[in-house]
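Trainee: I have a new structure to read. Please walk me through it, one feature at a time.

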Amino acid sequence: MLVTMKEILDPASAGNYAVAAPNLWTELDARAVIDAAQELRAPLILDIAYPANPDLFLLCQIARYFAQRATVPVAINLDHGGSKKEVLEAFRAGFTSVMIDRSACPFEQNVREVKEIVELAHALGISVEAELGHVGMADQYETDGSAALTEPETAAEFIRLTGVDCLAVAVGTAHGAYPKGMKPKLDFERLAAIKEKTGHFPLVMHGSSGTDNETLRKACRMGINKVNIANDLCQAAAKAAKTADLEGNHAYDFSAVVYEAVKAKMKEMIEVYGSVGKASM
């Protein structure tokens with residue numbers, strides 16, 4: 001069931017739901033999130049980021065091993081690919097999709113460099129995600145939260161010029177953990193306009209962690225089709241590890257606690273995104 005993101009996200013956009021895209025760091029993460037998706041019959045996208053995972057080949061092979069044996073569609077995506085070299089490494093490693101992130105560049109440069117990767121990737125049957133606007137950092141949310149939001153008209157032009165398969169948009173979320181007491185404010189009017197102007201094209205949310213479930217549920221119903229999640233899964237694992245009452249210190253016991261916590265959180269979010277039972281789509 002190893003597929004590309006396009007094969008997963010086109011039906012998601014047509015069906016008005018979103019697919020979970022958890023970040024991976026270890027084999028344990030891969031087992032937990034794929035098992036969660038299988039239990040809920042949901043498609044899944046595994047995001048692997050560089051330089052958080054400098055050995056792209058190793059983690060991709062682990063992801064491919066489980067994806068090829070999964071009973072639901074699974075894509076493996078390079079998250080926030082920076083240089084052309086990183087993207088080519090992902091091609092060689094066996095990723096089925098890549099993100100080329102030029103969101104901090106001027107529009108013309110973003111278009112030019114994304115288009116180059118799209119042409120290479122599509123020749124290999126690999127799908128491509130890009131970003132327009134810029135999703136900043138949660139610890140700088142007072143400035144980053146509204147600094148570079150995506151313009152609807154520009155998004156439509158970007159898709160036309162690049163031929164990209166899905167687009168990450170900035171509508172009010174940010175990467176990482178928010179300062180205590182701070183909650184992101186999503187611009188739903190902007191999201192609706194982007195979806196309309198782009199012809200109901202697959203849209204991606206980065207920085208979903210820290211956003212309440214009802215807000216995420218609404219965003220997915222209004223046009224978000226892929227939701228990247230990292231920090232919320234990490235927090236679930238950390239909390240479980242800290243509070244677990246383990247009789248011994250065996251590594252297997254510790255791993256089991258983390259596995260169950262990550263799987264439970266993933267199942268919760270898959271339900272929120274609306275992709276339960278969508279594996280057959």
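**Reading the pocket and its surroundings**

Mentor: Start with the largest pocket: β3 gives the largest share of its lining, 3 residues. Strands (E, at least two residues) and helices (H or I, at least four) are DSSP runs, numbered from the N terminus. This is a predicted model, where local features need pLDDT of at least 70, side-chain atom pairs count only at pLDDT 80 or more, and totals for chains, interfaces and linings use all residues. Residues are numbered from 1 along each chain as its sequence is written, and side-chain values use heavy atoms, with hydrogens and water left out.

Trainee: How is a pocket found, and how much space lies in the largest pocket?

Mentor: Rolling a probe the size of a water molecule over the atoms shows where empty space is left. On a 1 Å grid over the protein atoms alone, a pocket is an open set of points where a 1.4 Å probe fits, with protein on both sides within 12 Å along at least five of seven lines; lining residues have an atom within 4 Å of a point. Grid points are joined across faces, edges and corners, and the volume is the space filled by probe spheres set on the points. Here the largest pocket holds about 320 Å³.

Trainee: Which residues lie nearest the centre of the largest pocket?

Mentor: Asn23, Asp79, His175, Gly176 and Ala230 do, out of 23 lining residues. At least two lining residues come from each of β3 (44-49), β4 (74-81) and β9 (224-229).

Trainee: What classes make up the lining of the largest pocket?

Mentor: Ala, Val, Leu, Ile, Met, Phe, Trp, Tyr, Cys and Pro count as nonpolar; Asp, Glu, Lys and Arg as charged; the others, Gly among them, as polar. The lining has 11 polar, 10 nonpolar and 2 charged residues.

Trainee: Now burial. Which residues of helix α1 are buried?

Mentor: Buried means under 20% relative accessible area, exposed over 50%, partly exposed in between (1.4 Å probe, protein chains only). In α1 (residues 5-15), the buried set is Met5, Ile8, Leu9, Pro11, Ala12 and Ser13. Asn16 follows α1, with a positive phi near 65°.

Trainee: Is Asn110 buried or exposed?

Mentor: Asn110 has 2% relative accessibility, so Asn110 counts as buried. Asn110 sits in helix α5 (residues 107-123). Its side chain reaches the backbone oxygen of Arg102 at 3.4 Å. Contact means heavy atoms within 4.5 Å. Beyond four places in sequence, the contacts of Asn110 include Cys105, Glu131 and Phe158.

Trainee: How many disulfides does the structure hold?

Mentor: A disulfide is a pair of cysteine sulfur atoms within 2.5 Å. The structure holds 0. For Cys105, the nearest cysteine sulfur is that of Cys166, 18 Å away.

Trainee: What does the side chain of Tyr259 make a polar contact with?

Mentor: A polar contact is a pair of N or O atoms within 3.5 Å; within protein, one must be able to donate a hydrogen and the other to accept it, and residues adjacent in sequence count only if both atoms are side-chain atoms. The partner of Tyr259 is the side chain of Asp35, at 2.6 Å. Tyr259 lies in helix α11 (residues 251-273) and is buried at 16%.
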